[in-house]
Amino acid sequence: MLNINENVVKALMTLRGITLENMANLIHATEAQLWMWLEGAEASEEEKPSADREREILALLGLHENRPRGDVVHYWTIRENFLCNVRTTYAPLLVMLEVFGPAKVVHLARENDPAVTTEATAYFGLQFDTFFAILEVQGHAWRSIRFDPDLFSNLTWASSAPSVAIPDAEYDKLEPGALSVFSMHKRIQFSTEVPLWDSLRELALDRGIRAEEVITLLQSSNGDVLNRAERVEGVTGARVEVRDTPLEAPAVAVKLPPVQTPQAVATPPAVKQEAAVAAVPVTPVQVTAPSPAAPSAPKPRPARTDDFSVPLRRQ
Amino acid sequence: MDNQQSSINHGLASTVYSVGIVLLMSASTAVSNVPALAFSSYFDFLYRKEVCVVLYALGALLGIYTWYRHGKRKEMPWKFPQSSVFLPYCLFVFVTLLAIAITK
(Lines give C-alpha, C1' and ligand atoms only; values in the text may rest on other atoms or scores of the structure.)
Protein backbone atom coordinates (compact mmCIF):
# COMPACT_ATOMS: atom_id res chain seq x y z
CA MET A 1 0.00 0.00 0.00
CA LEU A 2 1.42 3.35 -1.07
CA ASN A 3 2.15 5.97 1.53
CA ILE A 4 -0.27 8.84 1.23
CA ASN A 5 2.67 11.26 1.07
CA GLU A 6 3.61 10.19 -2.41
CA ASN A 7 0.06 10.15 -3.69
CA VAL A 8 -0.57 13.68 -2.50
CA VAL A 9 2.76 14.86 -3.90
CA LYS A 10 2.08 13.29 -7.29
CA ALA A 11 -1.43 14.72 -7.35
CA LEU A 12 -0.23 18.21 -6.48
CA MET A 13 2.58 18.06 -9.02
CA THR A 14 0.04 17.20 -11.70
CA LEU A 15 -2.37 19.86 -10.58
CA ARG A 16 0.34 22.51 -10.36
CA GLY A 17 1.86 21.52 -13.70
CA ILE A 18 5.24 20.69 -12.19
CA THR A 19 7.10 17.99 -14.05
CA LEU A 20 9.53 15.56 -12.49
CA GLU A 21 12.41 17.37 -14.16
CA ASN A 22 11.34 20.75 -12.82
CA MET A 23 10.91 19.43 -9.31
CA ALA A 24 14.27 17.70 -9.35
CA ASN A 25 15.88 20.91 -10.54
CA LEU A 26 14.21 22.98 -7.82
CA ILE A 27 15.20 20.76 -4.91
CA HIS A 28 18.66 19.89 -6.20
CA ALA A 29 17.97 16.19 -6.58
CA THR A 30 18.04 13.83 -9.52
CA GLU A 31 15.01 12.70 -11.42
CA ALA A 32 15.89 9.11 -10.59
CA GLN A 33 15.81 9.82 -6.87
CA LEU A 34 12.48 11.55 -7.15
CA TRP A 35 11.05 8.74 -9.25
CA MET A 36 12.23 6.14 -6.73
CA TRP A 37 10.49 8.01 -3.93
CA LEU A 38 7.25 8.81 -5.72
CA GLU A 39 6.77 5.33 -7.14
CA GLY A 40 7.62 3.65 -3.85
CA ALA A 41 10.36 1.59 -5.43
CA GLU A 42 12.65 -0.35 -3.18
CA ALA A 43 15.86 1.59 -2.93
CA SER A 44 18.55 2.49 -0.44
CA GLU A 45 18.53 5.75 1.48
CA GLU A 46 21.08 7.26 -0.87
CA GLU A 47 18.92 6.55 -3.89
CA LYS A 48 15.99 8.49 -2.42
CA PRO A 49 15.72 12.13 -1.44
CA SER A 50 16.63 12.93 2.14
CA ALA A 51 14.09 14.01 4.74
CA ASP A 52 15.10 17.64 4.24
CA ARG A 53 14.48 17.36 0.50
CA GLU A 54 11.10 15.83 1.16
CA ARG A 55 10.22 18.79 3.36
CA GLU A 56 11.36 21.14 0.60
CA ILE A 57 9.07 19.38 -1.83
CA LEU A 58 6.12 19.66 0.52
CA ALA A 59 6.81 23.34 1.10
CA LEU A 60 7.13 23.99 -2.65
CA LEU A 61 3.79 22.37 -3.25
CA GLY A 62 2.15 24.55 -0.62
CA LEU A 63 1.84 21.97 2.12
CA HIS A 64 2.31 23.02 5.71
CA GLU A 65 1.80 20.75 8.71
CA ASN A 66 0.27 17.93 6.71
CA ARG A 67 -2.23 20.02 4.75
CA PRO A 68 -2.28 22.77 2.14
CA ARG A 69 -1.64 26.25 3.46
CA GLY A 70 -4.69 28.22 4.44
CA ASP A 71 -3.19 31.68 3.94
CA VAL A 72 -3.08 31.43 0.14
CA VAL A 73 -5.49 30.41 -2.58
CA HIS A 74 -4.07 27.38 -4.34
CA TYR A 75 -4.25 27.26 -8.13
CA TRP A 76 -4.75 23.93 -9.84
CA THR A 77 -5.05 23.15 -13.55
CA ILE A 78 -6.56 20.19 -15.34
CA ARG A 79 -6.48 19.71 -19.09
CA GLU A 80 -9.16 17.74 -20.89
CA ASN A 81 -8.36 16.24 -24.27
CA PHE A 82 -10.91 15.67 -26.99
CA LEU A 83 -11.22 12.02 -26.03
CA CYS A 84 -10.36 11.86 -22.37
CA ASN A 85 -11.26 9.45 -19.62
CA VAL A 86 -12.85 11.46 -16.82
CA ARG A 87 -11.61 9.14 -14.09
CA THR A 88 -8.02 9.28 -15.32
CA THR A 89 -8.01 12.99 -16.01
CA TYR A 90 -9.48 13.95 -12.64
CA ALA A 91 -7.59 11.36 -10.57
CA PRO A 92 -5.37 14.03 -8.93
CA LEU A 93 -8.41 16.01 -7.82
CA LEU A 94 -9.96 12.83 -6.53
CA VAL A 95 -6.86 12.21 -4.38
CA MET A 96 -7.06 15.69 -2.88
CA LEU A 97 -10.76 15.25 -2.12
CA GLU A 98 -10.12 11.86 -0.53
CA VAL A 99 -7.40 13.21 1.73
CA PHE A 100 -8.54 16.77 2.51
CA GLY A 101 -12.22 16.72 1.54
CA PRO A 102 -15.12 17.27 1.52
CA ALA A 103 -15.31 20.53 -0.41
CA LYS A 104 -17.83 22.94 -1.91
CA VAL A 105 -17.50 24.34 -5.41
CA VAL A 106 -18.68 27.46 -7.22
CA HIS A 107 -18.30 28.40 -10.86
CA LEU A 108 -16.32 31.61 -11.39
CA ALA A 109 -17.77 33.19 -14.52
CA ARG A 110 -16.92 36.30 -16.47
CA GLU A 111 -19.46 39.05 -15.93
CA ASN A 112 -19.79 39.77 -19.66
CA ASP A 113 -19.75 36.63 -21.76
CA PRO A 114 -17.07 36.85 -24.49
CA ALA A 115 -18.79 36.27 -27.81
CA VAL A 116 -15.77 35.59 -30.01
CA THR A 117 -13.42 33.04 -28.49
CA THR A 118 -11.85 29.71 -29.34
CA GLU A 119 -10.75 28.87 -25.78
CA ALA A 120 -12.73 26.48 -23.63
CA THR A 121 -11.59 27.36 -20.13
CA ALA A 122 -13.68 27.27 -16.99
CA TYR A 123 -12.73 28.32 -13.47
CA PHE A 124 -14.10 26.80 -10.31
CA GLY A 125 -13.59 27.89 -6.72
CA LEU A 126 -13.13 25.05 -4.25
CA GLN A 127 -13.71 25.58 -0.54
CA PHE A 128 -12.17 22.94 1.69
CA ASP A 129 -12.28 23.00 5.48
CA THR A 130 -9.00 24.80 5.93
CA PHE A 131 -8.03 26.20 2.52
CA PHE A 132 -9.31 27.49 -0.80
CA ALA A 133 -8.31 26.48 -4.30
CA ILE A 134 -9.07 27.63 -7.83
CA LEU A 135 -9.45 24.87 -10.38
CA GLU A 136 -8.80 25.88 -13.99
CA VAL A 137 -10.25 23.34 -16.42
CA GLN A 138 -8.93 23.65 -19.96
CA GLY A 139 -11.28 21.76 -22.22
CA HIS A 140 -11.42 21.24 -25.96
CA ALA A 141 -12.87 24.08 -28.03
CA TRP A 142 -15.48 21.90 -29.71
CA ARG A 143 -16.57 19.83 -26.72
CA SER A 144 -18.34 20.45 -23.46
CA ILE A 145 -16.39 20.37 -20.22
CA ARG A 146 -16.63 17.08 -18.38
CA PHE A 147 -16.12 18.45 -14.87
CA ASP A 148 -19.18 17.75 -12.78
CA PRO A 149 -19.32 17.76 -8.96
CA ASP A 150 -21.88 14.95 -9.11
CA LEU A 151 -19.07 12.64 -10.22
CA PHE A 152 -17.21 13.14 -6.94
CA SER A 153 -18.58 11.91 -3.65
CA ASN A 154 -16.81 14.61 -1.59
CA LEU A 155 -17.73 17.54 -3.81
CA THR A 156 -20.99 19.49 -3.80
CA TRP A 157 -22.17 22.79 -5.20
CA ALA A 158 -22.04 25.59 -2.65
CA SER A 159 -25.57 26.68 -3.55
CA SER A 160 -28.33 26.21 -6.10
CA ALA A 161 -26.96 29.22 -8.01
CA PRO A 162 -23.51 27.84 -8.80
CA SER A 163 -22.21 30.67 -10.98
CA VAL A 164 -20.61 33.77 -9.48
CA ALA A 165 -19.98 36.63 -11.89
CA ILE A 166 -16.55 38.24 -11.62
CA PRO A 167 -15.71 41.63 -13.19
CA ASP A 168 -14.07 41.29 -16.58
CA ALA A 169 -10.78 42.89 -15.55
CA GLU A 170 -10.43 40.61 -12.55
CA TYR A 171 -11.45 37.52 -14.50
CA ASP A 172 -8.95 38.14 -17.28
CA LYS A 173 -6.16 38.33 -14.70
CA LEU A 174 -6.95 35.06 -12.95
CA GLU A 175 -3.68 33.33 -12.31
CA PRO A 176 -1.82 31.84 -9.33
CA GLY A 177 -1.81 34.39 -6.55
CA ALA A 178 -4.34 36.75 -8.14
CA LEU A 179 -7.16 36.15 -5.65
CA SER A 180 -6.77 36.50 -1.92
CA VAL A 181 -8.33 34.25 0.69
CA PHE A 182 -10.67 37.05 1.74
CA SER A 183 -11.81 37.61 -1.84
CA MET A 184 -12.44 33.89 -2.36
CA HIS A 185 -14.39 33.66 0.86
CA LYS A 186 -16.48 36.64 -0.17
CA ARG A 187 -17.25 35.13 -3.60
CA ILE A 188 -18.31 31.78 -2.20
CA GLN A 189 -20.34 33.34 0.58
CA PHE A 190 -22.10 35.56 -1.97
CA SER A 191 -22.93 32.50 -4.04
CA THR A 192 -24.40 30.82 -0.99
CA GLU A 193 -26.46 33.80 0.12
CA VAL A 194 -27.95 34.89 -3.22
CA PRO A 195 -30.65 32.19 -3.30
CA LEU A 196 -31.48 32.86 0.37
CA TRP A 197 -31.94 36.58 -0.28
CA ASP A 198 -34.09 35.73 -3.30
CA SER A 199 -36.25 33.49 -1.11
CA LEU A 200 -36.50 36.24 1.47
CA ARG A 201 -37.59 38.74 -1.14
CA GLU A 202 -40.29 36.40 -2.47
CA LEU A 203 -41.51 35.76 1.06
CA ALA A 204 -41.70 39.48 1.77
CA LEU A 205 -43.59 40.10 -1.49
CA ASP A 206 -46.07 37.35 -0.65
CA ARG A 207 -46.79 38.96 2.72
CA GLY A 208 -46.96 42.47 1.34
CA ILE A 209 -43.86 43.65 3.17
CA ARG A 210 -41.91 46.26 1.28
CA ALA A 211 -38.16 46.64 1.39
CA GLU A 212 -38.49 50.12 2.90
CA GLU A 213 -40.34 48.69 5.88
CA VAL A 214 -37.65 46.11 6.48
CA ILE A 215 -34.93 48.74 6.26
CA THR A 216 -36.81 51.00 8.68
CA LEU A 217 -37.34 48.14 11.09
CA LEU A 218 -33.68 47.15 11.10
CA GLN A 219 -32.54 50.72 11.55
CA SER A 220 -34.96 51.47 14.37
CA SER A 221 -34.43 48.27 16.34
CA ASN A 222 -30.64 48.50 16.14
CA GLY A 223 -30.58 44.88 15.13
CA ASP A 224 -32.55 43.73 18.20
CA VAL A 225 -35.15 42.01 16.05
CA LEU A 226 -35.63 38.99 18.31
CA ASN A 227 -37.50 40.98 20.95
CA ARG A 228 -40.43 41.64 18.66
CA ALA A 229 -43.82 40.26 19.56
CA GLU A 230 -43.65 38.10 16.48
CA ARG A 231 -40.73 36.94 14.49
CA VAL A 232 -40.46 34.93 11.33
CA GLU A 233 -38.96 31.51 11.88
CA GLY A 234 -36.43 30.96 9.14
CA VAL A 235 -37.68 31.25 5.57
CA THR A 236 -40.60 28.86 5.91
CA GLY A 237 -42.97 31.66 6.87
CA ALA A 238 -44.06 30.17 10.20
CA ARG A 239 -44.60 32.90 12.75
CA VAL A 240 -43.64 32.26 16.35
CA GLU A 241 -45.22 34.33 19.12
CA VAL A 242 -42.78 35.56 21.70
CA ARG A 243 -44.11 37.04 24.94
CA ASP A 244 -42.40 40.15 26.18
CA THR A 245 -41.54 38.68 29.59
CA PRO A 246 -38.22 39.16 31.25
CA LEU A 247 -35.95 36.24 31.35
CA GLU A 248 -35.91 34.22 34.55
CA ALA A 249 -32.90 34.80 36.71
CA PRO A 250 -30.62 31.83 36.66
CA ALA A 251 -30.32 29.80 39.82
CA VAL A 252 -27.47 31.07 41.97
CA ALA A 253 -25.40 28.38 43.58
CA VAL A 254 -23.66 30.68 46.07
CA LYS A 255 -25.52 31.34 49.32
CA LEU A 256 -25.64 34.96 50.26
CA PRO A 257 -25.01 35.86 53.95
CA PRO A 258 -28.11 36.92 55.95
CA VAL A 259 -28.78 40.63 56.04
CA GLN A 260 -27.88 42.12 59.45
CA THR A 261 -30.52 44.16 61.19
CA PRO A 262 -29.64 47.78 62.03
CA GLN A 263 -29.70 46.97 65.74
CA ALA A 264 -27.01 44.35 65.42
CA VAL A 265 -24.64 46.75 63.78
CA ALA A 266 -22.36 48.41 66.33
CA THR A 267 -21.80 52.02 65.74
CA PRO A 268 -18.14 52.89 65.53
CA PRO A 269 -16.76 55.31 68.12
CA ALA A 270 -16.29 58.88 67.06
CA VAL A 271 -12.70 59.52 66.16
CA LYS A 272 -11.10 62.93 66.49
CA GLN A 273 -9.48 63.64 63.20
CA GLU A 274 -6.57 65.66 64.59
CA ALA A 275 -5.57 63.07 67.15
CA ALA A 276 -5.87 60.35 64.53
CA VAL A 277 -3.53 62.23 62.24
CA ALA A 278 -0.94 62.88 64.94
CA ALA A 279 -1.05 59.34 66.27
CA VAL A 280 -0.08 57.79 62.98
CA PRO A 281 3.68 58.01 62.48
CA VAL A 282 4.86 58.65 58.97
CA THR A 283 7.61 56.39 57.89
CA PRO A 284 9.48 56.95 54.69
CA VAL A 285 8.76 54.29 52.15
CA GLN A 286 11.67 53.22 50.03
CA VAL A 287 10.70 52.69 46.45
CA THR A 288 12.70 50.03 44.79
CA ALA A 289 12.60 49.20 41.16
CA PRO A 290 10.73 46.03 40.48
CA SER A 291 12.93 43.16 39.57
CA PRO A 292 12.57 42.18 35.99
CA ALA A 293 10.26 39.28 35.59
CA ALA A 294 11.97 36.10 34.75
CA PRO A 295 11.33 35.20 31.12
CA SER A 296 8.73 32.56 30.93
CA ALA A 297 9.83 29.34 29.52
CA PRO A 298 8.85 29.06 25.88
CA LYS A 299 5.96 26.83 25.27
CA PRO A 300 7.07 23.61 23.78
CA ARG A 301 6.15 23.34 20.12
CA PRO A 302 4.01 20.42 19.22
CA ALA A 303 5.97 17.68 17.67
CA ARG A 304 5.98 18.04 13.92
CA THR A 305 4.73 15.03 12.19
CA ASP A 306 4.87 14.82 8.42
CA ASP A 307 2.84 11.76 8.61
CA PHE A 308 0.50 10.88 5.82
CA SER A 309 0.37 7.37 7.12
CA VAL A 310 -3.40 7.22 6.76
CA PRO A 311 -3.97 4.61 4.11
CA LEU A 312 -5.69 5.71 0.93
CA ARG A 313 -9.28 4.65 1.01
CA ARG A 314 -10.15 2.60 -1.99
CA GLN A 315 -13.52 3.16 -3.58
CA MET B 1 -28.72 20.89 -8.17
CA ASP B 2 -31.25 23.19 -9.81
CA ASN B 3 -30.16 24.48 -13.19
CA GLN B 4 -30.89 28.10 -12.57
CA GLN B 5 -29.87 30.72 -15.10
CA SER B 6 -26.58 32.35 -14.29
CA SER B 7 -26.04 36.06 -13.80
CA ILE B 8 -23.71 36.31 -16.82
CA ASN B 9 -24.43 38.96 -19.42
CA HIS B 10 -24.86 37.30 -22.83
CA GLY B 11 -25.58 40.56 -24.63
CA LEU B 12 -22.39 40.62 -26.69
CA ALA B 13 -22.88 37.06 -27.91
CA SER B 14 -26.46 37.83 -28.94
CA THR B 15 -25.23 40.88 -30.84
CA VAL B 16 -22.66 38.82 -32.75
CA TYR B 17 -25.28 36.25 -33.68
CA SER B 18 -27.65 38.98 -34.86
CA VAL B 19 -24.92 40.51 -37.03
CA GLY B 20 -24.38 37.15 -38.71
CA ILE B 21 -28.08 36.70 -39.41
CA VAL B 22 -28.29 40.21 -40.87
CA LEU B 23 -25.28 39.43 -43.06
CA LEU B 24 -26.95 36.30 -44.40
CA MET B 25 -30.20 38.09 -45.07
CA SER B 26 -28.38 40.91 -46.84
CA ALA B 27 -26.42 38.47 -48.96
CA SER B 28 -29.59 36.59 -49.88
CA THR B 29 -31.36 39.81 -50.85
CA ALA B 30 -28.41 40.98 -52.90
CA VAL B 31 -28.04 37.71 -54.79
CA SER B 32 -31.76 37.62 -55.51
CA ASN B 33 -32.00 41.19 -56.87
CA VAL B 34 -28.64 41.86 -58.47
CA PRO B 35 -28.22 39.89 -61.72
CA ALA B 36 -24.51 40.55 -61.76
CA LEU B 37 -24.08 38.50 -58.60
CA ALA B 38 -25.49 35.31 -60.16
CA PHE B 39 -22.88 32.56 -59.78
CA SER B 40 -24.06 30.62 -62.80
CA SER B 41 -23.26 33.61 -65.01
CA TYR B 42 -19.56 33.06 -64.43
CA PHE B 43 -19.20 29.40 -63.62
CA ASP B 44 -21.55 26.45 -63.62
CA PHE B 45 -21.10 22.79 -62.73
CA LEU B 46 -23.12 19.65 -62.69
CA TYR B 47 -25.53 19.12 -59.84
CA ARG B 48 -25.13 22.72 -58.67
CA LYS B 49 -28.69 22.86 -57.43
CA GLU B 50 -28.37 19.60 -55.55
CA VAL B 51 -25.17 20.78 -53.89
CA CYS B 52 -26.98 24.00 -52.99
CA VAL B 53 -29.79 22.07 -51.32
CA VAL B 54 -27.31 19.98 -49.35
CA LEU B 55 -25.48 23.10 -48.22
CA TYR B 56 -28.74 24.74 -47.11
CA ALA B 57 -29.70 21.62 -45.15
CA LEU B 58 -26.27 21.43 -43.56
CA GLY B 59 -26.43 25.11 -42.67
CA ALA B 60 -29.85 24.64 -41.11
CA LEU B 61 -28.59 21.75 -39.01
CA LEU B 62 -25.62 23.78 -37.86
CA GLY B 63 -27.91 26.68 -37.01
CA ILE B 64 -30.18 24.47 -34.94
CA TYR B 65 -27.18 22.95 -33.18
CA THR B 66 -25.78 26.42 -32.43
CA TRP B 67 -29.13 27.55 -31.03
CA TYR B 68 -29.27 24.45 -28.84
CA ARG B 69 -25.75 24.98 -27.51
CA HIS B 70 -26.45 28.64 -26.83
CA GLY B 71 -29.51 27.72 -24.75
CA LYS B 72 -27.55 25.11 -22.85
CA ARG B 73 -24.77 27.60 -22.16
CA LYS B 74 -27.26 29.99 -20.62
CA GLU B 75 -28.35 27.24 -18.24
CA MET B 76 -24.96 25.72 -17.45
CA PRO B 77 -22.14 28.06 -18.50
CA TRP B 78 -19.55 25.95 -16.66
CA LYS B 79 -20.31 22.93 -18.81
CA PHE B 80 -20.74 24.50 -22.27
CA PRO B 81 -17.89 26.88 -23.14
CA GLN B 82 -18.51 29.78 -25.48
CA SER B 83 -16.10 28.31 -28.03
CA SER B 84 -18.42 25.31 -28.47
CA VAL B 85 -21.14 27.77 -29.50
CA PHE B 86 -19.11 30.25 -31.52
CA LEU B 87 -17.28 27.72 -33.70
CA PRO B 88 -20.44 25.90 -34.90
CA TYR B 89 -21.98 29.32 -35.48
CA CYS B 90 -19.07 30.31 -37.74
CA LEU B 91 -19.54 27.10 -39.70
CA PHE B 92 -23.26 27.83 -40.00
CA VAL B 93 -22.62 31.30 -41.41
CA PHE B 94 -19.96 30.06 -43.81
CA VAL B 95 -21.97 27.12 -45.14
CA THR B 96 -25.15 29.17 -45.53
CA LEU B 97 -23.27 31.99 -47.28
CA LEU B 98 -21.80 29.44 -49.67
CA ALA B 99 -25.25 28.06 -50.39
CA ILE B 100 -26.58 31.57 -51.02
CA ALA B 101 -23.67 32.37 -53.29
CA ILE B 102 -24.22 29.40 -55.60
CA THR B 103 -28.01 29.52 -55.55
CA LYS B 104 -28.35 31.45 -58.80
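How many salt bridges are there over all chains? The count comes to 13, where a salt bridge is a side-chain nitrogen of Lys or Arg within 4 Å of a carboxyl oxygen of Asp or Glu.

## Before we start

This is a predicted model, in which local features need pLDDT of at least 70 and side-chain atom pairs count only at pLDDT 80 or more, while totals for chains, interfaces and linings use all residues. Residues are numbered from 1 along each chain as its sequence is written, chains are lettered from A and ligands numbered from 1 in the order in which they are written, and side-chain values use heavy atoms, with hydrogens and water left out.

## A look at chain B

Chain B has three helices and zero strands, taking helices (H or I, at least four residues) and strands (E, at least two) as DSSP runs numbered from the N terminus. Along the sequence that reads α-α-α.

Of its 104 residues, 38% count as buried. Here buried means under 20% relative accessible area, exposed means over 50%, and partly exposed is in between (1.4 Å probe, protein chains only).

## Where B meets A

The contact (heavy atoms within 4.5 Å) takes 25 residues from chain B and 28 residues from chain A. About 2200 Å² is buried between the two chains, with carbon and sulfur atoms giving 60% of that. Buried area is the accessible area (1.4 Å probe) that two parts lose on being put together, summed over both.

H3(B) gives the most, with six residues.

## Salt bridges inside chain A

Side chains of opposite charge can pair when their charged atoms come close. A:Arg201 and A:Asp198 do this with an N to O distance of 3.7 Å. Both lie in helix H8 (residues 181-206) of chain A, three residues apart, which is about one turn of the helix. A:Asp198 is partly exposed, at 30% relative accessibility.

A:Glu212 and A:Arg210 form another salt bridge, at 3.8 Å from N to O. Is A:Glu212 buried or exposed? A:Glu212 is exposed, with a relative accessible area of 51%, and A:Arg210 counts as exposed at 51% too. Finally, A:Arg110, A:Asp168 and A:Asp172 are linked in a network of salt bridges.
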